[in-house]
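The sequence and the model come first.

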Amino acid sequence: QVQLVESGGGLVQAGGSLRLSCAASGRTFSIYPMAWFRQDPGKEREFVASISWSGSTTTYADSVKGRFTISTDNAKKTVYLQMNSLKPEDTALYYCAAEGFGTGVLGYRSWGQGTQVTVSS
């Protein structure tokens, strides 16, 4: 079992920045790739970014390219999402995912509880 705990969400004005963290614990020997997804009420959960164990391979959704950066400290089993130039449409519940691959929700076995990001206009 892998436990994922997200933190760092909050309320920010458009154009601002937030940094999300996701700490993994438990059986963490195969947690990578890890990823961030987000979900707005009434919408499907969507892929945001993913990262390999070494950090050398990252993938981003087109909607966040150039604004968000995913990184990892694999010694701490922690993944970060630096979000800059935030827009109101970035408002969502952000989830950390692990033990998976690709950009689909079904590709990941473990999920955190989510952290809310709200961007005001």
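Glu-99 is buried, with a relative accessible area of 18%; buried means under 20% relative accessible area, exposed over 50%, and partly exposed in between, with a 1.4 Å probe and protein chains only. The phi of Glu-99 is near 55 degrees, a positive value in a residue other than glycine. Glu-99 belongs to strand β9, where strands (E, at least two residues) and helices (H or I, at least four) are DSSP runs numbered from the N terminus.

The model is predicted: local features need pLDDT of at least 70, side-chain atom pairs count only at pLDDT 80 or more, and totals for chains, interfaces and linings use all residues. Residues are numbered from 1 along each chain as its sequence is written, and side-chain values use heavy atoms, with hydrogens and water left out.

A positive phi also occurs at Ser-85, about 50 degrees, although Ser-85 is not a glycine. The two residues are set out below.

Another backbone feature is the cis peptide bond from Tyr-32 to Pro-33, with omega near -5 degrees. Pro-33 is placed in the loop between β3 and β4.

The chain has 11 strands and 0 helices. Its radius of gyration is 13 Å, close to the 14 Å given by the globule rule for 121 residues, so the chain is as compact as a globular protein of that length. That radius is taken over C-alpha atoms, and the rule is 2.2 Å times the number of residues to the power 0.38. Along its principal axes the C-alpha trace spans about 40 × 30 × 25 Å. Of the contacts (heavy atoms within 4.5 Å) with a separation of 6 or more, 54% are between residues 24 or more positions apart.

Buried residues make up 44% of the 121 residues. The largest nonpolar core holds 34 residues, and Met-34, Trp-36, Leu-81, Met-83 and Tyr-94 touch the most other members. Strands that each supply at least two residues of this core include β1 (2-7), β4 (34-39), β8 (78-83) and β9 (92-100). The most comes from β9, with 5 residues. A nonpolar core is a set of buried Ala, Val, Leu, Ile, Met, Phe, Trp, Tyr and Cys residues joined through side-chain atoms within 4.5 Å.
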